[in-house]
Amino acid sequence: DRLHLLLCPGSAALKSLKRCILRGTGPEPGAGHRCWVQLCCPLETERHEGVARILSHEGGVTDVEVLQAALLHDTVEDTDTTPTELEAKFGPVVARIVQEVTDDKSLPKRERKRVQVEHAAQCSRQAKLVKLADKLYNLRDLNRCTPVGWSSERVHEYFVWASEVVRNLKGTNSVLEEKLAELFQERGLTL
C-alpha cells in the first residue's frame, strides 16, 4: 500500500522524496539538528524517518500528507528551501503542515521556544501530530544519549519546555500523548 511504500527503509518513494530537495545548507552550529536532506548524514535521515514511523506505527496515522510532512518537517527551517518550492514539489497541504511546525530562525532561541509553546494550541491537527511525534523522538533520543556539551540541567530544561509544548497539543492523539506522559513522569513532570 501507499503508506508502506512511503515509509519502508530504502524504498524508491523514500529515496525519491529525499532527492526532491537538494539545496540543504544545514542549521546553525550547535543547533542539535542537521538537515535530513543532506544525504551524507544518515543519522539525521534516520531521525526524520523515525518521526514518520512513530506517527505510522505507534500513533496509527495513515494520512500520507502528514507522514510526508513528518519527513520534511525541518526542511524550510534548516535549508534555503522556500515554502513555495516545497508546495511545488509536495502540494499545498504538506507545505502548510511543514510551515506550521517551522521555527522562525530570525528570532532569538529563547523567543523561538516561547513562540512554539504558544503556537502549539493553534496548529492544525495535522501539524500537532507531527509536533507530538517529533517531541517523542527527541525525548527518547535524549534519554538514549545526551548530546555532547549538554549538562543534566540542560536536558531537564528541554524536558520541561517540551512538556509545555505537549500540554498545548493535548487531545490530538491519545497513544502518542500517553507515551510522552510516561517520559515526562520519569523526569518528575506532569502534563
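These legends walk through close-up views of a helix pair and several salt bridges. The model is predicted, so local features need pLDDT of at least 70 and side-chain atom pairs count only at pLDDT 80 or more, while totals for chains, interfaces and linings use all residues. Residues are numbered from 1 along each chain as its sequence is written, and side-chain values use heavy atoms, with hydrogens and water left out.

**View A. Helices α9 and α10 pack against each other.** Here α9 covers residues 125-144 and α10 residues 152-167, with an angle of about 160° and axes 11 Å apart. Axes are lines fitted to C-alpha atoms over the stretch in contact, and angles run from 0 to 180 degrees between N-to-C directions. Helices are DSSP runs (H or I, at least four residues), numbered from the N terminus. The two are therefore roughly antiparallel (an angle over 145 degrees).

**View B. Residues at the α9 and α10 contact.** From α9 come Leu 132, Lys 135, Asn 138, Leu 139, Leu 142 and Asn 143. Facing them from α10 are Val 155, Tyr 158, Phe 159, Trp 161, Ala 162, Val 165 and Val 166. Contact means heavy atoms within 4.5 Å. The contact residues comprise 10 nonpolar, two polar and one charged (Ala, Val, Leu, Ile, Met, Phe, Trp, Tyr, Cys and Pro count as nonpolar, Asp, Glu, Lys and Arg as charged, and the others, Gly among them, as polar).

**View C. A salt bridge joins Lys 105 and Asp 78.** The N to O distance is 3.5 Å; a salt bridge needs a side-chain nitrogen of Lys or Arg within 4 Å of a carboxyl oxygen of Asp or Glu. Lys 105 sits in the loop between α7 (92-100) and α8 (109-120) and Asp 78 in helix α5 (residues 75-78), so the pair ties together parts 27 residues apart in sequence. Asp 78 is buried at 3% relative accessibility, whereas Lys 105 is partly exposed at 29%. Buried means under 20% relative accessible area, exposed over 50%, and partly exposed in between (1.4 Å probe, protein chains only).

View D. Glu 118 is partly exposed at 46%, and Arg 114 is partly exposed at 36%.

**View E. Arg 144 and Asp 141 form a salt bridge.** Both belong to α9, three residues apart, with closest N and O atoms 3.3 Å apart. Arg 144 is exposed at 56%, while Asp 141 is partly exposed at 33%.

View F. In total, the model has eight salt bridges.

Definitions and conventions:
Parallel < 35°, antiparallel > 145°, perpendicular 65-115°, else oblique.
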